[in-house]
Amino acid sequence: YGELLIMNWDHQGASFLVALHKKSGKEIWRQSRNEITSWASPMIATYGDSPQVIVSATGRVRGYDLNTGKDLWACGGLSRNVVATPVYANGFVFTGSSYNTRAFLAINLEKARGDITGTDAIAWSRNYDTPYVPSPILYGDSLCYLRHLQGILTCVEPRTGRTQWGPQKLPGVRRVYASPVGAADRIYVVGRQGTTAVIKRSKRFEPLASNRLNDVFGASPAIVGNEILLRGEKHLYCIADPQTR
């Protein structure tokens, strides 16, 4: 982000978060972390005078000042072995987990200072149908997430947590490691066994298509212009309308 490369190093040892200059590799700051192994990628929230680095993990989801590494706030309540990366928009961070504890939190950064566990900085929370490996998707006025590793999707209003639709079984999708992606008012969910469910971004459940490839998928799709790139265990695929290429 900008001139910095942010890396999180949570493991069964001395964990830390570090910022490096992207061109020289020079260490700009380092923050020790009291965390065991976690898998979520750091996420940048452009809020207030300085962007924040948000990292979800077992002990706490935490916010750090991007420029200095200063610990700004922390919130407990997620499970062990956090994998899903948080998403952010309009002053709110959304993060969840379900390895051994089902939890989903909506955090209001305007109120996030110090330890915010159990405070009104938590705009809303849920303890059911929460994601494990796949990260949630925030697309327009819909926040959608899968149940654990299953092809069961729920969409809610980001500010209130009010259910728009779901939990809904996606056609042809059973187990999911890849995170949902969105483009052209569609949400794409790629299952392990090669089926991609295409859902209309809407306040009601509207399945549009179920497309099958003979491959196994764990990586999240990448959207590039009018193309979708899918990496399977056998092949790399590019899905596109020939008339747009």
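Which residue in β23 is the bridge partner of Ile228? To find out, select Ile228 and then Ile239, for Ile239 is the residue of β23 that partners Ile228.

Before going further, note that this is a predicted model, in which local features need pLDDT of at least 70 and side-chain atom pairs count only at pLDDT 80 or more, while totals for chains, interfaces and linings use all residues. Residues are numbered from 1 along each chain as its sequence is written, and side-chain values use heavy atoms, with hydrogens and water left out.

**The hairpin**

Two strands count as paired if DSSP finds at least two bridges between them, and strands (E, at least two residues) and helices (H or I, at least four residues) are DSSP runs numbered from the N terminus. Four residues lie between β22 and β23, and the two strands form a hairpin.

**The five-stranded sheet**

Next, display β4, β5, β6, β7 and β11, which make up an open sheet in the order β4-β5-β6-β7-β11 with mixed pairing. The edges are taken by β4 (43–45) and β11 (114–115), each with a single partner strand, so one side of each has no neighbour in the sheet. Select β5 (residues 52–55) alongside β4, and you will find the two strands running antiparallel and joined by three bridges; within this pair, Ala45 stands opposite Gln52 of β5.

**A buried glycine**

Now centre on Gly91, in the loop between β8 (87–89) and β9 (92–97). Gly91 is buried, with a relative accessible area of 7%, where buried means under 20%, exposed over 50% and partly exposed in between (1.4 Å probe, protein chains only). Leaving aside residues up to four places away in sequence, Gly91 touches Tyr47, Ile107, Asn108 and Leu109, a contact being heavy atoms within 4.5 Å.

**The whole chain**

Finally, zoom out to the protein chain, which has zero helices and 23 strands. Its radius of gyration is 18 Å, close to the 18 Å that the globule rule gives for 245 residues, so the chain is as compact as a globular protein of that length; the radius is taken over C-alpha atoms, and the rule is 2.2 Å times the number of residues to the power 0.38. Buried residues make up 50% of the 245 residues.
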